[in-house]
Amino acid sequence: MSTNSLFGNYRIILASSSPRRRALIQQIGLNAEIIPSKFEENLPKSSFPTPADYVIATAKGKACEVFNENKDAVVIGADTVLVIDNKILEKPKDAECARTMLSELSGRLHHVVTGVCICYQDNKYTFHVETEVQMTELSKDMIDWYVKTGEPLDKAGGYGTQGQGAILVERVAGCPFSMKGLPLQKLHSELSKILLG
C-alpha cells in the first residue's frame with residue numbers, strides 16, 4: 001500500500017518553497033499541495049535553550065502561517081539548521097559567508113537538526129531529528145571550487161549532500177533525509193499516529 005493511499009482522505013499541504021522538501025515528500029508518495037509559508041525566519045536564536053527548540057519554533061511558525069488560511073488541511077512545516085560548537089549555521093548570505101562556513105566545518109564533526117510541525121485540526125504536533133556529520137578536510141581550492149558551483153547559497157551550513165557537495169562528507173550517522181530537509185521515516189510515523197491512530 002502506498003503512503004498516498006494511507007492518507008488519501010486528507011488534504012495535505014507542505015508549507016515550503018524548498019524543491020528538496022517537495023521532492024522528498026513526493027518520494028514517499030504524498031501528493032501534497034505546495035504552499036510556501038510567508039513566515040519571517042528571523043527568530044532570535046539566543047532566546048532558545050537548544051538548536052532543536054529553535055528549529056521547532058521556526059517550523060511551527062511556517063506551518064501555522066499556512067494552516068491559518070487552510071484549516072481543512074494537514075499542514076507540514078519544517079526547518080533545518082547546521083550546528084557546530086553549539087552555534088547555529090543557517091543559509092549563507094553570500095559567497096564569502098559560504099567560504100567562512102565551509103572553512104569552519106572542514107575536517108570537523110557537526111550536527112544537522114531538522115524540526116517539523118504538523119498542524120491538524122486544533123493541534124500542533126512537533127518533533128526534531130538530529131543527524132551527525134563528519135566533514136572531510138577541505139583545501140582552500142576545494143572550498144573556492146564548491147562555492148563557485150552556486151550550491152552553498154541555499155543550504156544550511158553552506159553545503160548539501162544531494163549535489164556536488166556529497167564529496168565533502170566522509171560519514172553520516174542518523175537520518176540522511178533529515179540532512180536534506182525532511183526526515184521521511186519519522187514524518188510518516190507521526191502522520192500515521194496523528195491521522196490513523
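Glu 190 and Lys 186 sit in helix α7 (residues 184-196), four residues apart, about one turn of the helix. Helices here are DSSP runs of H or I with at least four residues, strands are runs of E with at least two, and both are numbered from the N terminus. A salt bridge links Glu 190 to Lys 186, with the closest N and O atoms 3.2 Å apart. The term stands for a side-chain nitrogen of Lys or Arg within 4 Å of a carboxyl oxygen of Asp or Glu. Glu 190 is buried, with a relative accessible area of 12%. Lys 186, at 29%, counts as partly exposed. The cut-offs are under 20% relative accessible area for buried, over 50% for exposed, and in between for partly exposed (1.4 Å probe, protein chains only).

This is a predicted model, in which local features need pLDDT of at least 70 and side-chain atom pairs count only at pLDDT 80 or more, while totals for chains, interfaces and linings use all residues. Residues are numbered from 1 along each chain as its sequence is written, and side-chain values use heavy atoms, leaving out hydrogens and water.

Side chains of opposite charge can pair when their charged atoms come close. The structure holds 15 salt bridges. One of them joins Asp 79 and Lys 62, whose closest N and O atoms are 3.3 Å apart. Asp 79 lies in strand β3 and Lys 62 in helix α3 (residues 51-67), so this pair ties together parts that are 17 residues apart in sequence. Both Asp 79 and Lys 62 are buried.

Helix α5 (residues 140-148) holds another pair, Lys 140 and Asp 144, four residues apart. Their side chains meet in a salt bridge at 2.7 Å, N to O. Lys 140 counts as exposed, at 60% relative accessibility. Asp 144 counts as buried, at 15%.

Next comes the nonpolar interior. In soluble globular proteins, nonpolar side chains tend to be buried together. A nonpolar core is a set of buried Ala, Val, Leu, Ile, Met, Phe, Trp, Tyr and Cys residues joined through side-chain atoms within 4.5 Å. The largest one has 23 residues, of which Ile 25, Ile 76, Ile 118, Leu 187 and Leu 191 touch the most other members. Elements that each supply at least two residues include β1 (12-14), β5 (109-120) and β6 (123-135). Helix α7 gives the most, with five residues. Ile 76 touches residues including Ile 12, Ala 63, Val 116 and Leu 187, not counting residues up to four places away in sequence. Such contact means heavy atoms within 4.5 Å. A second, separate core of 18 residues includes Met 101, Leu 105, Met 135 and Val 169.

Now turn to the largest pocket. Its volume is about 690 Å³. A pocket is found on a 1 Å grid over the protein atoms alone, as an open set of points where a 1.4 Å probe fits, with protein on both sides within 12 Å along at least five of seven lines; lining residues have an atom within 4 Å of a point. The volume is the space filled by probe spheres set on the points, which are joined across faces, edges and corners. Of the 35 lining residues, the closest to the centre are Asp 79, Thr 80, Lys 91, Asp 154 and Ala 156. Strand β3 gives the largest share of the lining, four residues.
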